[in-house]
Amino acid sequence: MAIWWKFGKTTCTNVKHLTQSYKNCAGLAVQTGAPPLKVAHRFETVARYIFTSRFYKIINIFERFNKYITNPSLMLNTVIFDMDGLLIDSEPLWEEAGREMLNRFNIALSKEQYHSSTGLRSSEWIEHWFGHFNISMDHAAEAEKNIVKTAIEKIVLKAPAMPGVQYIFNFFKQRNFKIGVASSSPLELINLVTEKLQIDSMVTAKASAEHLANGKPHPQVFLNCAELLRSSPSNCICFEDSFNGMIAAMAARMKCVVVPARNHHQDAKWAAADLKLSSLLNFNDLLLAAL
């Protein structure tokens, strides 16, 4: 872990290094085997260092990504969406399910603690908080099963679509983009949500990180989705709402558009993304051309 941390902190000596630092930092991070939250927290520190420093003033957005749009082999033709918190307002229900499970052990998470672990798979979420609160891992398998079952029931029953879901899917469908969904959630839930939101017919590929060796911030789930779509990562735009997801998309070398939760929208860490939106409804042709 020290390798990528040192790289991210010390190579920001000029614009060229600065523009690549956070992307390379994410890529190196996932090769170290560091726990997902340690990767995320260290990467956030790098992001804060970079984007509050004097170098930020001289970054040009067109130079920042080496003018990919001028290279025909890097033209964007694929879009991959995260799901929870981006397409469907399910994060509060995952939170409810997680809190209900931890309550059985007389544990209560703060809002800040829960937010720090969004984007993780249920197994990783449990491993992290069980370790943090010294709960025996003997209960982990049952706890994971309980959280997933409870969350799926709640989401199917009462989770609303996020603003702009139909708009953004129609936007990319009309422009002949290949469309995929890549999520930390089980494939069962991905299928239920795409049907619930009436977007299933527009989705060509679905990828779940549930059974992968590494979940977000590792990029594998996005790379798997791109492979299913027969697209190069350099041809992909990824829409995300979580910090772990943003790291994963950048480590996959995809364009990253973040739509953070309203109460975290102004956090400095989102400056590492290619684009930040307050709503899916705000995306348009001008912003697409600028990526």
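How many bridges join E2 to E3? Four bridges join these two strands, which run parallel.

## The model and its confidence

This is a predicted model: local features need pLDDT of at least 70, side-chain atom pairs count only at pLDDT 80 or more, and totals for chains, interfaces and linings use all residues. Residues are numbered from 1 along each chain as its sequence is written, and side-chain values use heavy atoms, with hydrogens and water left out.

The pLDDT is the predictor's confidence in each residue, from 0 to 100. The protein averages 82, and 74% of the residues score at least 70. Residues 1-19 have a pLDDT below 50; this stretch has 38 contacts in the model beyond near neighbours in sequence. A contact means heavy atoms within 4.5 Å. Residues 52-65 also stay under 50. For them the model has 22 contacts beyond four places in sequence.

## The sheet

Helices (H or I, at least four residues) and strands (E, at least two) are DSSP runs, numbered from the N terminus. Six strands form an open sheet. Their order is E3-E2-E1-E4-E5-E6, and the pairing is parallel. Two strands pair if DSSP finds at least two bridges between them. The edge strands are E3 (205-208) and E6 (275-276), and each pairs on one side only. Ala 182 stands opposite Ala 207 in E3.

Two helices lie across parts of this sheet. H9 lies across E1, E2 and E4, at about 160° to E1. H10 lies across E2 and E3, at about 140° to E3. Axes are lines fitted to C-alpha atoms, for helices over the stretch in contact; angles run from 0 to 180 degrees between N-to-C directions.

## Two nonpolar cores

A nonpolar core is a set of buried Ala, Val, Leu, Ile, Met, Phe, Trp, Tyr and Cys residues joined through side-chain atoms within 4.5 Å. Buried means under 20% relative accessible area, exposed over 50%, and partly exposed in between (1.4 Å probe, protein chains only). The largest core has 53 residues. Those with the most contacts inside it include Phe 81, Leu 87, Phe 169 and Ile 237. Elements that give two or more residues to this core include E1 (78-81), H8 (140-158), H9 (165-174) and E4. H8 gives the largest share, seven residues.

Leu 87 has contacts beyond four places in sequence, among them Phe 81, Phe 169, Val 181 and Leu 280. A second, separate core has 25 residues, including Val 221, Phe 222, Cys 238 and Ala 252.

## Glu 240 and Lys 216

Glu 240 is found in strand E4 (residues 236-240). Glu 240 counts as buried because its relative accessibility is 0%. Its side chain joins that of Lys 216 in a polar contact of 2.6 Å. Such a contact is a pair of N or O atoms within 3.5 Å; within protein, one must be able to donate a hydrogen and the other to accept it, and residues adjacent in sequence count only if both atoms are side-chain atoms. Beyond four places in sequence, Glu 240 also touches Asp 82, Phe 222 and Val 258, among others.

The peptide bond from Lys 216 to Pro 217 is cis, with omega near 15°. Pro 217 is in the loop between E3 and helix H11 (220-228).

## Positive phi in two loops

Asn 106 is not a glycine, yet has a positive phi of about 60°. Asn 106 sits in the loop between H5 and helix H6 (111-116). With a relative accessible area of 74%, Asn 106 is exposed.

Arg 230 is not a glycine and has a positive phi of about 60°. Its place is the loop between H11 and E4. Arg 230 is exposed, with a relative accessible area of 78%.
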